Amino acid sequence: MSSNTWTVLDESHVALRAVLAGLRPSDLLLPTPCELWNVTQVLQHAAGDQLGFAATITGEGWPAFDPFAPSGELDGDLDAFKSFVEHTMRASAAAWATVPADATDAPTPLPQGKMAGWLGAGACGLDAAVHAWDVAVATGQPSPLSDDLAERLLPVARELVEPLRAYGAYAPALPTGDDSGPAVTLLRYLGRAA
């Protein structure tokens, strides 16, 4: 089964790859919309989450660090860091490629545990895409979060986010205007001032 079964995940990885490609060494310590985390920490968190999803499916390859307490310190240079983040996306895509499209009990590292495959893969993609947006905002890159992708991630967010707010994973939702597009609606639902 190809990873293309999960197109939302694939497109979310494309978004994360886009901001990685534009990353410069001077960007790594810039503050992001994720309170208290700089660009390096956001990317470490995103990479750790991709590994967490993959390891929950395969039973191996757990992150060697706590994704919720990223150090902000690089092990090597920027190119090595980019390669590491790329590796985590490939591991995630390969793991999800083993999950049938009609799965009703896909394992996830989320407190909710097993869930429908579309929702679990969407949650993995939501993490990658939104953190790609965080990095883009911090580094002055164009947003990699298209309205089309955001529109497909919004039902995932609405299904998952409320229980996770209790864990501090998401800030309270912000109001949106009637003319807000899907990307702004998604980001504001996740507590980001888009």
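Which residues in α2 meet which residues in α3?

1. This is a predicted model, in which local features need pLDDT of at least 70 and side-chain atom pairs count only at pLDDT 80 or more, while totals for chains, interfaces and linings use all residues. Residues are numbered from 1 along each chain as its sequence is written, and side-chain values use heavy atoms, with hydrogens and water left out.

2. The α2 side of the contact (heavy atoms within 4.5 Å) includes Thr40, Leu43, Gln44, Ala47 and Gln50, together with Leu51, Phe53, Ala54, Ile57 and Thr58. These meet Phe81, Phe84, Val85, His87, Thr88, Met89, Ala91, Ser92, Ala95 and Trp96 in α3.

3. Helix α2 (residues 39–58) and helix α3 (residues 78–96), both taken from DSSP runs (H or I, at least four residues), pack at about 30° with axes 8 Å apart; the axes are lines fitted to C-alpha atoms over the stretch in contact, with angles running from 0 to 180 degrees between N-to-C directions. α2 is therefore roughly parallel to α3, a term for angles under 35 degrees.

4. The structure holds six salt bridges, each a side-chain nitrogen of Lys or Arg within 4 Å of a carboxyl oxygen of Asp or Glu. One of them joins Arg152 and Glu11 at 2.3 Å, N to O; because Arg152 lies in helix α5 (residues 147–165) and Glu11 in helix α1 (residues 7–21), this pair ties together parts 141 residues apart in sequence.

5. Arg152 also forms a salt bridge with Asp148, with the closest N and O atoms 2.9 Å apart. Shared partners join Glu11, Asp148 and Arg152 into one network.

Terms used
Helices (H or I, at least four residues) and strands (E, at least two) are DSSP runs, numbered from the N terminus. Angles under 35 degrees count as roughly parallel, over 145 as roughly antiparallel, 65 to 115 as roughly perpendicular and the rest as oblique.
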